[in-house]
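This report describes the architecture of a protein model, strand by strand and across its chains. The sequence and the coordinates are shown first.

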Amino acid sequence: MTFINYAAREINCKIVYYGPGLCGKTTNLQYIYDRTNPAAKGKLISLATETDRTLFFDFLPVDLGTVRGFKTRFHLYTVPGQIFYDASRRLILKGVDGVVFVADSQEARMEANVESLSNLDKNLVEHGFDLATIPYVLQLNKRDLPTALPVETLYRGLNFKGEPTFEATAPLGIGVFDTLKAVAKQVLMVLRKK
Amino acid sequence: MSDFILFDEEFRHIKDVISRLKADAQAKVVFIVDKNGQQIAAQGDMESLDTTSLASLTAGNVAATDGLARLIGEREFPVLFHEGERDNVYISVVGQRVILVVIFDERSSLGLVRLRVRKANGELERIFETIQQKVDAEKSRRLAGFDSPFAEITDEDIDNLFKD
C-alpha cells in the first residue's frame, strides 16, 4: 500500500525481502546500507537474536530521489527466514508494495527455496495480495559458492511468471542494486497505472 | 488494498489535533504512524529522535501485539504502554488504521495522557474518515477518466532515479 503524502510531497513504498533462512536477505540490506549516501538513508534496524539470526525484521529506509516533484522513499524490510517464525513473516507483509524473493543457489537449499516461495504465496493471499500480480523480483543469491546449482536449473524451479531474475553474491554487492532497482521500477509502474 | 493518500487540509487538521494533545497532556512528543509503519505527522522535540525508525518499530510492535491478541481470542489490544526510567510511551490505535504515540516524562502522568488521548482519538478518527472518503472519491474520479498526478511518470523519470 503506497502512502502518498501531498502535504510533504512524498511517496512511500514498502518492499519486503523474502526467502528461506540464511539465504542472504539481511546481507542485501546491509550492502544497500553500506553503499548508500548517508543523506539518502536512515538507520538500519535489525531485530535479531544473539546469534544474529533475524527474529522479527530488518528495516532500512532509503530515498531514491524525486519523481514529478515527489520524493520517493522506499522502506526495505526483511522477514525472518526460519520456518517457525511464520506468524512474524505474515505481519511484515502487511501493506507490501513489492517483493524480492532471495533464493539460495545451493542444491541442498532447493527444497527450502520452494517451501519458502509457497509460504510467501500463502501469506500474500492472507493479506489480499496475489503473487501473480504484485511487483516481484527473483534473486538467485550465493552464485559464488561451489555448491551452487546452474542458473538454468534454479530458473526452471523457481521462476514462475517470467519475473526479472538476477544472479547475486550479496556480500560483494553483485546483483544487489540491480534487484532493488527492478522491484522499485515495477512498484512505480503500478503507481502510474492507478 | 487502496493506497493511503494524505492531503494538505487533513494534514493541517491532524497537526492541530496532535499539537493540542501534546500541550494538554504535557507530553514531550506526539506522533501518528499508519499500521504499515509510515509516519504521518509528528509534534514536539524531534531533534534527538529518529522518527522513521520509531514509526517502523511502533507499527511492528502493534502488529505483533495484534497477533498476540488474536491468538488468545481478542480482536486487538487497543492500548500499549511502556514505562521507562525517565520516559514512557503510550500507544493507542485510532480507527483500526493508524497509531497514535505519546512520549512523556515525569512532568505528566499516565492518567492525564490517557484522558487527553481519549478525547483526541475521537477527533482523529473523524479526520481519517474524511481522508478515506476523499480517497474513495478520488478513485471514482479516476475511474471516470481523470488522470492521477502519477499517470505521467515516464520510463525515463524512473531510470533517472537510479543514475549513479
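## The sheet of chain B

In strand E6(B), B:Val98 is the residue that stands opposite B:Val94. The model in which this pair occurs is a predicted one. Strand E5 (residues 88-94) of chain B and strand E6 (residues 98-104) of chain B run antiparallel and are joined by seven bridges. Both strands belong to an open sheet of five strands in chain B, with the order E3-E2-E6-E5-E4 and antiparallel pairing. At the edges of this sheet stand strand E3 (39-44) and strand E4 (79-83) of chain B; each has a single partner strand, so one side of each is left without a neighbour in the sheet. On average, and with direction ignored, neighbouring strands of the sheet are turned by 10° against each other.

Helix H1 (residues 8-24) of chain B packs on this sheet, where it touches strand E2 (29-34) and E3 of chain B. The direction of H1(B) makes about 40° with that of E3(B).

## Chain B as a whole

Chain B contains six strands and four helices. Along the sequence, these elements follow the pattern β-α-β-β-α-β-β-β-α-α. The C-alpha trace of chain B spans about 55 × 40 × 35 Å along its principal axes.

Of the 164 residues in chain B, 33% are buried. When contacts in chain B between residues at least 6 apart in sequence are considered, 54% of them join residues at least 24 apart.

## Strand E2 of chain A and its partners

In chain A, strand E2 (residues 10-18) has eight of its nine residues buried, so this strand is largely enclosed by the rest of the structure. Strand E2(A) pairs with several other strands of chain A. With strand E1 (residues 3-5) of chain A, the pairing is antiparallel and consists of three bridges. A:Asn5 has A:Glu10 in E2(A) as its bridge partner. E1(A) and E2(A) form a hairpin with four residues between them, and A:Arg9 in the turn has a positive phi of about 55°.

Two further pairings of E2(A) are parallel. Eight bridges connect E2(A) with strand E5 (residues 70-78) of chain A in the parallel sense, and in E5(A) the bridge partner of A:Glu10 is A:Lys71. Four bridges, again in the parallel sense, connect E2(A) with strand E6 (residues 98-104) of chain A. Here A:Tyr17 is partnered by A:Val100 in E6(A).

## The nonpolar core

Which residues touch the most other members of the largest nonpolar core? They are A:Val16, B:Ile32 and B:Val102, in a core of 93 residues. Helix H5 (residues 176-193) of chain A gives the most to this core, contributing eight residues. In soluble globular proteins, nonpolar side chains tend to be buried together.

Neighbours within four places in sequence set aside, A:Val16 is in contact with A:Tyr77, A:Val79, A:Ile92, A:Leu93, A:Val96 and A:Val99.

## The surroundings of A:Val137

A:Val137 lies in strand E7 (residues 136-141) of chain A. This residue has 24 C-beta neighbours inside 10 Å and therefore counts as buried, the cut-off being 20 or more. Residues up to four places away in sequence not counted, A:Val137 touches A:Val100, A:Glu163, A:Pro164, A:Thr179, A:Ala182 and A:Val183. A:Gly162 is 25 residues from A:Val137 along the chain, and the C-alpha atoms of the two are separated by 9.5 Å.

## The interface between chains A and B

Contacts between the chains involve 33 residues of chain A and 32 residues of chain B. On the side of chain A that touches chain B, the elements giving two or more residues are E1, E2, strand E4 (54-67), E5, helix H2 (86-92) and H5 of chain A. E4(A) provides the largest share of that side, with seven residues.

Definitions and conventions
Residues are numbered from 1 along each chain as its sequence is written. Chains are lettered from A and ligands numbered from 1 in the order in which they are written. This is a predicted model: local features need pLDDT of at least 70, side-chain atom pairs count only at pLDDT 80 or more; totals for chains, interfaces and linings use all residues. A nonpolar core is a set of buried Ala, Val, Leu, Ile, Met, Phe, Trp, Tyr and Cys residues joined through C-beta atoms within 7 Å. A residue is buried if 20 or more other C-beta atoms lie within 10 Å of its own, exposed if 12 or fewer, and partly exposed in between; C-beta atoms are placed from the backbone. Two residues are in contact if their C-beta atoms, placed from the backbone, lie within 7 Å. Two strands pair if DSSP finds at least two bridges between them. Axes are lines fitted to C-alpha atoms, for helices over the stretch in contact, and angles run from 0 to 180 degrees between N-to-C directions.
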